[in-house]
Amino acid sequence: MGWCCLFLLFCFIWSFFVLGTYPLQSSQTQVLQQLRKHLEYPKQLEIWNNHSIDFCYLSSFPQVNITCQDNFVTELRIVGDKTAKVSDFHGFAIPKQTLSENFSLDSFVATLARLTNLRVLSLVSLGIWGPLPEKIHRLSSLEYLDLSSNFLFGSVPPKISTMVKLQTLKLDDNFFNDTVPSWFDSLSNLTILSLRNNQLKGQFPSSILSITTLTDLIMSSNGMSGKLPHLSSLASLHVLDLSANKLDSVLPKMPEGVVMVILSNNSFFGEIPQQYGQLSQLQHLDLSFNVLRGKPPSAVFSLPNISFLNIASNMLSGSLPDHLSCGSKLEFIDISNNKLMGDLPSCFSTNSEKRIVEVDGNCLSFNTRHQHVESYCMEVYMKKQSKGKNAGILAGLIIGVFILMMLLAYGFLILWRIYCPKGISEQHLLHKTVQDSSAAGFSSELLASARFVSEAAKSSLPVCRSYSFEELKEATNNFDNSAFMGDGSYGKLYKGRLENGALVAIRCMPLSKKYSIRNLKLRLDLLAKLHHPHLVCLLGHCVDVGGRDDFSTNKIFLISEYLPSGSFCTHLVENSNGKVFNWSERLAILISIAKAVHFLHTGIIPGFFHNRLKTNNILLNEHGMAKLSDYGLSIISEETDKCGAKVEGYKSWQMKNLEDDVCSFGFILLEALVGPSVCARRDALLLNEIASINSLDGQKRIIDPIVQATCSQESLSIVLSIMSKCISLESCSRPSIEDVLWNLQYAAQIQGTVSCDHRFDTASTQ
């Protein structure tokens, strides 16, 4: 009977495991293989070469661990061999230490985000480099994130604050060099926060004090400075390591249950709080290499669980009592390099192999060979007394001199305002001559002090300069008809050749009467600072109000680089002179322009919106790189808000124009899908056809045959979905340009995978 019960129990357990396992979805397997490609095929993942391998059973490999639930990956751990060995990292790939310069962290994270059920992610020592992108927050199910020992730099993305399920966050041994984040209180479930050995600066974030679940707080070897607040509110805290920073305050109160406190190599001053002698759970206390003064509390030495106590290299003074008792578990004591005097307590001198005691560099009567001479200690003591007596006098003198100087300065300021004429600065002229509450939305202060992101500073494009009208006449042969390229919504366009032989495009626009000349030049300078790989570069301008002839009266001329390969629109139809783009090529151009629009919205504060996006403004250089032209011209043109999608009246002009760009980009997507001739109709019939485009019959009827022949169905469906949202009549349903960009990149990855598989299958059959 007993054997029968055992057999039935075995069958039940076996059926539970067998029936509970599912094969990993093919899409999940593709993502893992793409991650391996992104990581440049590390040797730790060579086992993945076997296409028949079951990824869910790799937990036996120490450097790679994958866990699955149902048919989804829930845990991914990879440990590489590319540890951060350099002391300083300048943001560029390092041979044999980082991944190559072709590595894109943005694309890597976008691929990771497709593992939607991922709860544990650990990618350690893999040579990953670059700024951690905001889209990391798309891994919204993550509970454990460890990206230690890589080459990440910049700021810790604020979007991590939305990952509310996160319990462990480890970013140790990287090169994050921005200020310490202030949004940690949003992670209400966080238990372990470790940012050790980075280059973070700024003050200790008070938001951490709200995380009552925090057990481990490790932020050592950074550049934090300022005051460390009381930590008694962190009731669950067990481990605190803030060593090797620049913190300079009195020591704070600690939570009662703390086990390890490491605050060495800072600039803490004052006395060691008596409260530290009441931390009954404390096992490890390191306060060395600070500027602590006074006599250490006797109770700290006799804590019931203390095993390690280091208060060396401070300015502690006084004498320790002879009857001082040491805790039974205390194995290491270091009080060296202080100013302690008197006899050594009996529990220090106990001859025990289980306790190490360091006392050198004091004024103790014990082992005087390794102590300071008594005359030195007495001299230091007398100096301290003398300084204390004179400190009040010196402080009063300094305050008196300061007050006197302030009174003199105030009197001088009053006299200057009375007798000196008021100067008129450029900002005053801007306020006086310009009413900047126009639809363009840029105030004079913003024009004069606009803040650009680093991408603009990286550009090596030529510096924008001012051209004379005579130079432009010579470049265009007196604006001959042979130089005329067309007439658009922003004026006429001419092709010219400068004196140095460079071909340029010259846009002629009417001068807006809303702006003074000085204000207009400020706006032109603002446009000239917009540098991005996918924006047509503005080389210069000419503001002509001369009235020499009818042509030159009240005109602005914008000189930009000339792109010889035509517009995107001309490569979407078969009867054009140029090559007709397939689906992959169209996707690449759409991604490039989405990046440019995203830069215009976020690369400067305030952003550039309402850019009148259309395929004719997407130009190609001789290498086929796409660039957006005629961007940002709304800030200098007469007409700024006559087109775009309808939005609710309560929204600001910026949001309205931002949605205009998204809506306009949606019609660019539509044109790339159906061709310019169909898209140009924009009538009720077309809208009905778009409504049915998600069906296969609708796609066959309206989608460009070249797109149908060269695309994968999954890639096409992604673009169709985001296009429909962009041109939605409901403005609240439209996505952000960042979401548009992410979906296009995802579609390109899917298309690339399908194309690669197709080439592989073709090669296999040959």
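Predicted model: local features only at pLDDT ≥ 70, side-chain atom pairs only at ≥ 80, totals over all residues.
## Overall architecture

The chain comprises 766 residues, of which 47% count as buried. Its secondary structure consists of 19 helices and 34 strands.

Contacts in the chain were also sorted by sequence separation.

## The loop residue Asn-245

Asn-245 is located in the loop that runs between strand S13 (239–241) and strand S14 (246–247). The relative accessibility of Asn-245 is 7%, which is under the 20% cut-off, and therefore this residue counts as buried.

When residues up to four places away in sequence are left aside, Asn-245 touches a run of residues comprising Met-219, Ser-220, Ser-221, Asn-222, Gly-223 and Met-224, together with Asn-265 and Asn-266. With Met-224 there is a close approach between polar atoms: a polar atom of the Asn-245 side chain lies 3.1 Å from the backbone nitrogen of Met-224.

## Helix H11

Helix H11 spans residues 517–528, twelve in number. The distance from its first C-alpha to its last is 16 Å, close to the 16 Å expected at 1.5 Å a residue.

The buried residues of H11 include the leucines Leu-520, Leu-522, Leu-524, Leu-526 and Leu-527. Asn-519, Arg-523 and Ala-528 of this helix are buried as well.

## The disulfide and other cysteines

The structure holds one disulfide. It is formed by Cys-326 and Cys-347, whose sulfur atoms are 2.0 Å apart. The torsion about the S-S bond of this pair is about 45°, so the disulfide is right-handed. The bond links distant parts of the chain, as its two cysteines are 21 residues apart. Cys-326 belongs to the loop between strand S20 (315–319) and strand S21 (332–334), whereas Cys-347 lies in helix H5 (residues 346–349). Both Cys-326 and Cys-347 are buried.

Cys-508, by contrast, is in no disulfide. The nearest cysteine sulfur to Cys-508 is that of Cys-542, 9.6 Å away. Cys-508 is buried, with a relative accessible area of 7%. Cys-711 also counts as buried, because its relative accessibility of 17% is under the 20% cut-off.

How values were computed:
Residues numbered from 1 in each chain as written. Heavy atoms only, no water. Helix = DSSP H or I, 4+ residues; strand = E, 2+ residues; numbered from the N terminus. Buried < 20%, exposed > 50% of the residue type's maximum accessible area, 1.4 Å probe, protein only. Polar contact = N/O pair within 3.5 Å; in protein donor to acceptor, adjacent residues only side chain to side chain. Contact = heavy atoms within 4.5 Å. Expected span 1.5 Å × (residues − 1). Disulfide = S-S within 2.5 Å.
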